[in-house]
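Dear colleague,

I am handing over the structure below, together with an account of what was found in it. Please look through it first and then read the notes that follow.

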Amino acid sequence: MSDESHQQNGHERVPSRRRRRFEGISSRAYEHPADRSALVALRKLSGFDTVFKALSGLLPERSLRLLFLSDSVRVSDAQFAHLNDMLRDACYILDLEQVPPMYVTQDPQPNAMCIGLDEPIIVVTTGLVELLDEEEMRAVVGHEVGHALSGHSVYRTVLLFLTNLALRIAWIPLGNLAIMAIVTALREWFRKSELSADRAGLLVGQDLQSSMRGLMKIAGGNHLHEMNVDAFLEQAEEYEAGGDLRDSVLKILNVLPRSHPFTTVRAAELKKWAASRDYQRIMDGHYPRRTEDKHTSVSDSFRESAASYANEVKESKDPLMKLVGDIAGGAGDLGGRVRRGFSGFGGGASKDDPRREPRDAQRDDEDPDANA
């Protein structure tokens, strides 16, 4: 980037940092494989951008922009200057030339989002600003800039629109089912896009502990002296591995209506990525460039996505995922495993269940007709 354009984009006031800058980095460098494959496919569709921009007349984007402009505080050198420095710094590190406008809105709920079709805008709540320290907030700002660089703001805006539409036409059974099917698919993609943006936040902050603290605070509030990163990550492991097939089904049902993965899961995923070779290669300066995006193969991206899901199933400790892995591997006695996995549905217990009352087991032994 030339000195002239550097000044035009407002980066000339970025404070000097000891963080690495990723010039020309493609968002593919940090995107989760499932997120990346969807984005690559959409970018390859002829006329995709035109269609979505045509939708801008139907979506409430202009209304949202006016709302934030009129009833929130726009970040600038004069207002929330420390956030403005973080925003310019994040755009500089990820080499995003157009710095998106950023607003602080009054809301005690800690939250942040990046929305918009034509131009992304970033919104953070006062609850989040008051909760996080400077380095934790830097990771969040980097997270939202990562959304902007990936183009996630377009799809999030569509998701908001479709969710509202589903509520309005809930009285039309088939219409509502069709919309909700699309919304469910978008939410699954968006949960993966949140993992991508968490990685972008780490690339901007370049401090894993700050990213972890921020996620812990979002889960448990401003009580760091009462929390512990290792114990927090143990929760994620217990959540994944604990219970039986009933719990696996409940996990799926719990996550379906959410646009974000659960916080402990996000922390575990981010730590895993930070320890990976992919992250180290980026930090060493070896990463895909935006100039190469147009040559990206859709089929290769989908293969990477499929391999990622297969690896998740293989490595998962979740009972249902273990069962799926065994089915794929041709393991025997799957029917028995399924019955044992769901043992106790409705409050009953199987004969082999150790929780069964000892006297019941004894009565079965004594009564020759007990199993008749």
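**The largest cavity**

The largest cavity is lined by Leu-195, Asp-198, Arg-199, Arg-266, Glu-269, Leu-270 and Trp-273, where a cavity is a set of points, on a 1 Å grid over the protein atoms alone, at which a 1.4 Å probe fits but cannot get out, and lining residues have an atom within 4 Å of a point. Rolling a probe the size of a water molecule over the atoms shows where empty space is left. The space in the largest cavity comes to about 40 Å³, a volume being the space filled by probe spheres set on the points, with grid points joined across faces, edges and corners. By this rule there is one cavity of 30 Å³ or more. Helix H9 (173-205) and helix H13 (263-274) each give at least two residues to the lining, and H13 supplies the largest share, four residues; helices (H or I, at least four residues) and strands (E, at least two) are DSSP runs numbered from the N terminus.

**How to read the model**

This is a predicted model, in which local features need pLDDT of at least 70 and side-chain atom pairs count only at pLDDT 80 or more, whereas totals for chains, interfaces and linings use all residues. Residues are numbered from 1 along each chain as its sequence is written, and side-chain values use heavy atoms, with hydrogens and water left out.

**The chain and its cores**

The chain holds 18 helices and four strands, and of its 372 residues 43% are buried, that is, under 20% relative accessible area, with exposed meaning over 50% and partly exposed in between (1.4 Å probe, protein chains only). Of the contacts between residues at least 6 apart in sequence, 72% join residues at least 24 apart, contact meaning heavy atoms within 4.5 Å.

The largest nonpolar core has 47 residues, and those with the most contacts inside it are Phe-22, Ile-25, Leu-94, Val-124, Met-137, Val-145 and Leu-203; such a core is a set of buried Ala, Val, Leu, Ile, Met, Phe, Trp, Tyr and Cys residues joined through side-chain atoms within 4.5 Å. A second, separate core has six residues, among them Phe-68, Tyr-103, Ile-121 and Val-123. Returning to Leu-94, and not counting residues up to four places away in sequence, this residue touches a set of residues that includes Phe-22, Ile-25, Val-145, Leu-203 and Arg-290.

Of the 17 residues of H7, 15 are buried. Asp-133 caps the N-terminal end of H7, with a side-chain oxygen 3.2 Å from the backbone nitrogen of Glu-135, and just after H7 Gly-151 takes a positive phi of about 85°.

Helix H10 (residues 208-220) has 13 residues and reaches 18 Å from its first C-alpha to its last, close to the 18 Å expected. Its N-terminal end is capped by Asp-207, a side-chain oxygen of which lies 3.2 Å from the backbone nitrogen of Gln-209, and H10 is followed by Gly-221, whose phi is positive, near 85°. The buried residues of H10 include Ser-210, Met-212 and Met-216.

Glu-135, which lies in H7, counts as partly exposed at 25% relative accessibility.

Val-229 lies in helix H11 (residues 229-241) and counts as buried, at 18% relative accessibility. With neighbours within four places in sequence again left aside, Val-229 is in contact with Gln-209, Met-212 and Met-216.

**A buried serine**

Ser-27 is placed in the loop between helix H1 (3-8) and helix H2 (33-44), and is buried, with a relative accessible area of 4%. The side chain of Ser-27 makes a polar contact of 2.7 Å with the side chain of Glu-31, a polar contact being a pair of N or O atoms within 3.5 Å, of which, within protein, one must be able to donate a hydrogen and the other to accept it, and residues adjacent in sequence count only if both atoms are side-chain atoms.

With best wishes

How values were computed. Expected span 1.5 Å × (residues − 1). 1 Å grid on protein atoms, 1.4 Å probe; cavity = no way out; pocket = protein on both sides within 12 Å on 5 of 7 lines; lining within 4 Å.
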